[in-house]
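This report covers backbone geometry and the ligand site. Please look at the structure first.

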Amino acid sequence: MNFDEIIDRKNNFAAKYDELKQKFGRSDLIPLWIADMDFRTAEPIIEAIKQRADQGIFGYTSRPDSYYEAVCDWLEKYHGWRPEKQLMLHNLGVVVSLSMLIQNFTQPGDKIIIQTPVYYPFFDVIKNNDRSLVENPLKQVNGHYEMDYADFEQQAQNGAKWFLLCSPHNPVGRVWTREELQRIGEICLKYKVRIIADEIHADIVFPGHKHVPIASISPLLSRITITCLAPSKTFNLAGLQASIIIFPTKEERDKFDDILGVLDIKRNSCFNLVAVEAAYRQGRAWLENVLKYIEGNFKYINDYCKNNIPAIKPNYPEGTYLVLLDCRQLGLDQKQLHDFMVNKARVALDDGFWFSNTLEQYMRLNAACPRHTLQKALQQIAEAVHTLQTENI
Ligand SMILES: Cc1ncc(COP(=O)(O)O)c(C=O)c1O
């Protein structure tokens, strides 16, 4: 586990590198955007895939019960929640699940609440399925994002039927507390708002914070919640296309299973099958180490900015490996800031406005990379800021 190792991803068909030109117009950028890690995953996962590859037969695959048991054991051990495995289904990615759930479990025109700023595909899965998007903006209280319960209740009163929860929250880095989730959950129960909980970042949580699956809080909340989670962020397995949905009832689980059947996408990769089980059974030590390393990166980013780029103020995420950079003091508008990061600092970051127009002067930085990569990127940003400030004098 040498997270300092710089791994050349040039032949890795990595979207983060290979799509730079398409996304940012140039390829000579340090890529700190799309949310995967530049680290090699846990050895037991690699070993499980190698062993499966060695069998040399890659025919139609059946998913054993042990797959779901591994997920249940992990959830029980680390999140204090043991859903029944009969209520689970495997699917490709979490976003696929969100879109399919919205398509098949909600009605055209249904109002669906999201808490902005939020992971931008949340907007797409609602709008592209002809549902009505309702924003419940998060409030900044002393630089800390909080839920606006009064506004949420108003939206619920106005007829919102579904709530797409992001927990922990990308991009603001909050790990919602039990009390916060309980309070929002009570409003959902009161107004019969169903919850789809995207808990993909559940395991990327730092000391002092604890992820609480909203469905685990009470039997009542469990009954109105569909939870989507995955080992992809946790173990850097996004390319293996594996995620899990946990339904409140067998009826809803079976309904979704039928939809997977219609699309004929039940029998996918024989590799994700073994990788997910190995991850949840043998990956914990790797995860604990990578979290420590990433926390070190947060500290590095905060110290570096304080000492060298005081005009940029990073947050210190409670969860997720995504750091929000408050760039308001640079005095650039959204287009100028994008141009500055790409063409002057030569770094590829997620533009804040992708998540909400309130973040037009923010950037999101993916800190799951070797420290040396961060050092280089921050140094390039510092030099560009220095030039900008000198020009402005
Ligand atoms: C909140 C959230 N949901 C879903 C995803 C993507 O999940 P998947 O690749 O399984 O579709 C991400 C990736 O960054 C995310 O942040």
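## Positive phi

Lys192 is exposed, with a relative accessible area of 71%. Exposed means over 50%, buried under 20%, and partly exposed in between, with a 1.4 Å probe and protein chains only. The phi of Lys192 is near 55°, a positive value in a residue other than glycine. Lys192 belongs to the loop between H8 and strand S8 (194–198). Helices (H or I, at least four residues) and strands (E, at least two) are DSSP runs, numbered from the N terminus.

Thr320 also has a positive phi, near 70°. Thr320 counts as buried, at 0% relative accessibility. Its loop runs between strand S11 (313–314) and strand S12 (322–326). Most residues other than glycine have a negative phi, and most peptide bonds are trans.

## Basis of the model

This is a predicted model: local features need pLDDT of at least 70, side-chain atom pairs count only at pLDDT 80 or more, and totals for chains, interfaces and linings use all residues. Residues are numbered from 1 along each chain as its sequence is written, and side-chain values use heavy atoms, with hydrogens and water left out.

## Cis peptide bonds

Ser167 and Pro168 are joined by a cis peptide bond, with omega about -10°. Pro168 is in the loop between strand S7 (162–166) and helix H8 (178–191). Pro171 lies in the loop between S7 and H8 too. A cis peptide bond links Pro171 to Asn170, with omega about 15°.

## Ligand site

Asn170 is also one of the residues around the ligand. Others include Ala35, Gly93, Tyr119, Cys166, Asp198 and Lys233. The shell divides into 6 nonpolar, 3 polar and 2 charged residues.

For a polar backbone atom of Val95, the distance to a ligand oxygen is 3.0 Å. His201 places a polar side-chain atom 2.7 Å from an oxygen atom of the ligand. The protein covers 88% of the 400 Å² of accessible area that the ligand has on its own; areas come from the Shrake-Rupley method with a 1.4 Å probe.

## A buried threonine

Thr234 sits in helix H10 (residues 232–235). Thr234 counts as buried, at 0% relative accessibility. Its side chain makes a polar contact of 2.8 Å with the side chain of Asp203. A polar contact is a pair of N or O atoms within 3.5 Å; within protein, one must be able to donate a hydrogen and the other to accept it, and residues adjacent in sequence count only if both atoms are side-chain atoms.

How values were computed
A residue is near a molecule or strand if one of its heavy atoms lies within 4 Å of it. Ala, Val, Leu, Ile, Met, Phe, Trp, Tyr, Cys and Pro count as nonpolar, Asp, Glu, Lys and Arg as charged, and the others, Gly among them, as polar.
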